[in-house]
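Reader: I am new to this structure. Can you walk me through how to read its features?

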Amino acid sequence: MMAHHGPFAAPILASLLSEPAGVAHYMAVGAVLFTAGVMSMAVKRNLLGVLMGVELVLNGAIVNFVAIGSPYLRGDDASVGLDGQLMALFAIVLAAAEAAVALGIALNYYHTVGSVDVDQATQLRG
Amino acid sequence: LDESRLIPTLVLAAWLAPLASFAVVAIASSVLHRVRGAVAPAAARAIAQVCTGSLATSFLLALAALAAWIRLAGVGGHAATQPPVVGEWFTFIDVGSLRLSAGYYIDALTLVMATLVTFVALCIHVYALGYLDDELADDGLVTDLEARQAGGAFVVRPGRLHRFYQHLALFTFSMLGIVVAWNVAMTFVFWELVGASSYLLIGFYYERPAAARAAAKAMLVNRIGDVGMLVAIALLWSLFGTLDYEPLFAAIGPWLEANPTSAGLLTFAGVALFCGAIGKSAQAPLWSWLPDAMQGPTPVSALVHSATMVAAGVFLTARVYPLLTADALSVVAAVGAVTLLLGAVLAVSAGDLKRVLAYSTISQLGYMVLGLGLGGWTASTLHLVTHATFKALLFLAAGAVIHGAHSGDLGSLGGLRKRMPLTTAAMLVGALALVGAGVPLLGIGLSGFYSKDMLFEQAIAFSRANPGGGWAFWAPTVGAALTAFYITRLWLLTFAGEPRSDGSRNAHESGKTMLVPMAALLLAAVAVAWTLPGGLSANALLESASLAPASRSGSEWFEVSIPTEAAAHATEIKRLAAFVALGATVCGFVAAVALDRLGRLTDPPTARLARALDLTWVPAVNRAVAGACRRVGWATSRWGDATVIDRGFGAFAAALALSGGAVLARLQTGNVRQYIVLLVLAVVIVGSLALGLTYRWAEGA
């Protein structure tokens with residue numbers, strides 16, 4: 001028996017590599033995608049890069065939906081298993097709409113500021 | 001239909017009839033045919049008749065309710081006390097333990113008062129039709145000889161008899177509301193309503209500057225007393241959790257037993273409640289509005305400012321009697337004693353017919369308040385009833401004089417007995433009832449005789465029970481002598497001797513519409529306190545309703561003992577009281593006649609003193625108080641508001657907001673990427689906290 005390192009993390013992480021692919025692995029992918037997205041939103045100065053970060057964040061969430069909703073991955077057949085996929089489809093459609101709006105904003109931003117550098121957007125500074 | 005349901009129904013109908021005529025007049029006067037802005041005289045007369053008819057209905061209903069009560073309670077001698085008929089009509093507010101509703105608390109006092117109010121109001125309604133006949137000019141326009149326009153011409157205005165009757169109906173409705181009210185809050189609502197209708201009636205001739213001023217003064221002076229009443233309502237509710245009379249009265253005894261050291265709080269509540277009565281009943285120091293209120297038409301003076309509304313203060317004190325501790329009663333008695341002397345002294349030298357009667361009213365109200373303070377509940381309420389009849393009669397006779405001789409100035413009247421014999425007789429009977437004329441050994445007299453003797457008995461019993469209580473005996477005795485003096489003076493100056501002006505020389509007797517109500521009131525003033533065969537009398541009725549407790553605790557400060565009314569009825573005290581009252585009255589009468597022989601009655605020796613009191617000292621005190629209030633207000637606004645609040649707290653709060661804003665504004669860097677970092681950090685921190693707490697909670701469970 002392993003030492004008890006914490007409520008969640010230690011036993012799950014330790015067994016990730018030895019276990020067959022399951023929900024946890026997909027959620028790890030989602031977490032990586034999410035973190036990469038947040039990082040690129042925080043670090044990128046290019047507005048389009050920030051937008052891509054937003055898409056990555058959304059994708060991370062969608063992967064989680066699919067993983068948790070899948071009966072195959074969870075190993076039970078209690079449900080038909082389409083809830084997660086439906087949610088994912090919704091999120092993808094919404095992400096497309098959001099991308100359209102965001103690109104519109106980006107275009108306007110470029111017209112206004114003359115650049116796509118987000119650090120130059122300081123008009124609302126207190 | 002048994003009595004306990006019949007009586008409230010009759011009372012409700014009697015109460016709402018004036019409201020109905022008020023509403024009818026309000027609607028009718030806006031749709032009626034008008035001639036040059038004035039309601040046509042015929043229409044105004046019809047409106048007056050409708051109002052009078054509704055008042056007559058109201059009077060008959062009140063009388064029927066009284067009869068039903070007598071059948072229920074079986075009054076005769078010392079009948080067993082009948083518990084009041086209490087019930088709820090309509091709830092306005094019901095939140096938590098606060099329940100405000102309209103309901104009825106009907107006992108013999110309620111019914112006697114309701115009958116009295118509707119009776120006097122009915123007489124006034126009929127009388128006013130004759131008195132205010134100049135409002136019914138054919139072309140609908142009235143020239144007011146006491147009001148001038150800016151250019152100096154007399155004011156010409158449309159007649160407004162219908163408005164007069166509308167206000168009278170509102171007044172009667174409000175007054176009956178006070179009488180039937182079953183809790184302090186309802187009393188207060190109608191208390192303010194009679195104040196409002198009194199304002200409208202005093203200011204009936206609002207083009208006259210004096211009338212407009214008097215109306216505003218009455219309103220303002222009464223507000224001072226009402227503040228005390230509001231304080232008392234709040235205090236009673238916080239102490240007992242209810243405002244209804246019946247539970248309040250039941251709660252007093254146990255509360256005093258449970259909190260023996262807090263009797264002072266109850267005394268405070270009682271005195272605060274009495275402040276309202278001081279304002280409404282024109283007691284010292286808030287009396288000065290009542291003489292000014294004589295600017296209203298004389299029927300109004302008779303109904304509102306002598307017989308009923310000003311008696312509401314006495315009625316209130318009598319109604320809440322169980323709430324008053326012995327200390328509170330001492331305050332009540334002291335105020336009454338001061339007021340009765342003050343009113344009598346001022347009445348002695350007043351130069352105007354109505355002003356003498358106004359001061360006389362103040363003095364008589366002082367008698368009632370004094371009687372209540374000394375423990376004479378029945379004596380005071382009986383005096384309330386008898387005073388209402390004879391003072392209304394005196395005022396109506398005075399109105400007839402003013403209507404006939406076109407003047408109320410005692411200096412220019414005189415010799416009217418030949419021209420107005422009926423009015424002379426009416427005034428004589430009223431005056432005799434006022435001084436309490438009667439035969440002590442036989443125990444027969446006019447109405448005032450009975451009530452005044454009872455007040456004297458109570459005063460003697462009180463001054464014997466308390467060392468140092470002599471003032472309670474001397475104040476009413478001196479007052480009785482002064483009463484006899486001023487009313488004899490009034491009668492002699494008005495009706496005896498020779499006319500002193502053209503107006504008095506050409507005076508004419510009034511018409512039937514004015515004489516019939518005077519006759520009705522004359523009968524009442526003579527006989528209202530008589531005992532019918534079978535033992536039925538106003539006195540017995542009121543005695544059966546007496547709210548005076550058998551013994552009264554709570555004298556912490558003044559250490560008085562309030563004698564019971566039974567103790568005051570001892571034969572020996574009775575005889576003494578009768579002779580003292582008669583002796584004082586004869587002294588006053590002889591003094592007045594002697595001064596008349598010397599020809600100094602228009603200007604009695606005390607006149608200069610009293611006039612100085614009336615016209616210089618009292619207004620000076622009022623002005624000083626007003627000035628002090630204004631100075632306090634000025635200091636509060638200048639120093640408290642402008643300096644402390646605005647410049648202190650206000651500036652501090654503004655500076656706090658500004659500097660806080662400046663600090664927080666630094667967070668708003670305008671850097672989008674920084675916002676994102678902060679956002680993520682916040683989500684992580686809040687999320688992990690929430691997860692951790694959830695986990696601990698789940699593990700704990």
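**A loop, an interface and a cavity**

Author: Start with one loop of chain B. Pro285(B) lies in the loop between helix H8 (263-280) and helix H9 (289-292) of chain B. Keep in mind that this is a predicted model.

Reader: Which residue does the cis peptide bond join to Pro285(B)?

Author: Look at the omega angle of the bond. Ala284(B) and Pro285(B) are joined by a cis peptide bond, with omega at about 5 degrees.

Reader: Where is Ala282(B) placed, and what is its phi?

Author: Ala282(B) also sits in the loop between H8 and H9 of chain B. Its phi is near 55 degrees, a positive value in a residue that is not glycine.

Reader: Now the interface. How many residues does each chain bring to the contact?

Author: Count the residues on each side, then look at the area. Chain B gives 11 residues and chain A gives 15 residues. The area buried between the two chains is about 1,100 Å². Carbon and sulfur atoms give 65% of that area.

Reader: Which residues of chain B lose the most area to chain A?

Author: They are Arg673(B), Ile676(B) and Tyr695(B). Together they make up 47% of what the chain B side buries.

Reader: How many salt bridges are counted between chain B and chain A?

Author: For a salt bridge, check the distance from a side-chain nitrogen of Lys or Arg to a carboxyl oxygen of Asp or Glu; the cut-off is 4 Å. The count here is 1 salt bridge. Arg673(B) forms a salt bridge with Asp119(A), and the closest N and O atoms are 2.6 Å apart.

Reader: Which helix supplies the largest share of the chain B side?

Author: That is helix H25 (residues 672-700) of chain B, with 6 residues. By class, the chain B side that touches chain A has 6 nonpolar, 4 polar and 1 charged.

Reader: And inside the protein? How many cavities of 30 Å³ or more are there?

Author: Take the count, then the volume, then the lining. There are 5 cavities of 30 Å³ or more. The largest cavity has a volume of about 60 Å³.

Reader: What lines the largest cavity, and which helix gives the most?

Author: Its lining includes Val435(B), Phe449(B), Lys452(B), Asp453(B) and Leu582(B). Helix H17 (447-465) and helix H23 (571-598) of chain B each supply at least two lining residues. H23(B) gives the most, with 4 residues. Sorted by class, the lining has 5 nonpolar, 3 polar and 2 charged residues.

How values were computed. Residues are numbered from 1 along each chain as its sequence is written. Chains are lettered from A and ligands numbered from 1 in the order in which they are written. This is a predicted model: local features need pLDDT of at least 70, side-chain atom pairs count only at pLDDT 80 or more; totals for chains, interfaces and linings use all residues. Side-chain values use heavy atoms; hydrogens and water are left out. Contact means heavy atoms within 4.5 Å. Buried area is the accessible area (1.4 Å probe) that two parts lose on being put together, summed over both. Ala, Val, Leu, Ile, Met, Phe, Trp, Tyr, Cys and Pro count as nonpolar, Asp, Glu, Lys and Arg as charged, and the others, Gly among them, as polar. On a 1 Å grid over the protein atoms alone, a cavity is a set of points where a 1.4 Å probe fits but cannot get out, and a pocket is an open set with protein on both sides within 12 Å along at least five of seven lines; lining residues have an atom within 4 Å of a point. Grid points are joined across faces, edges and corners, and a volume is the space filled by probe spheres set on the points.
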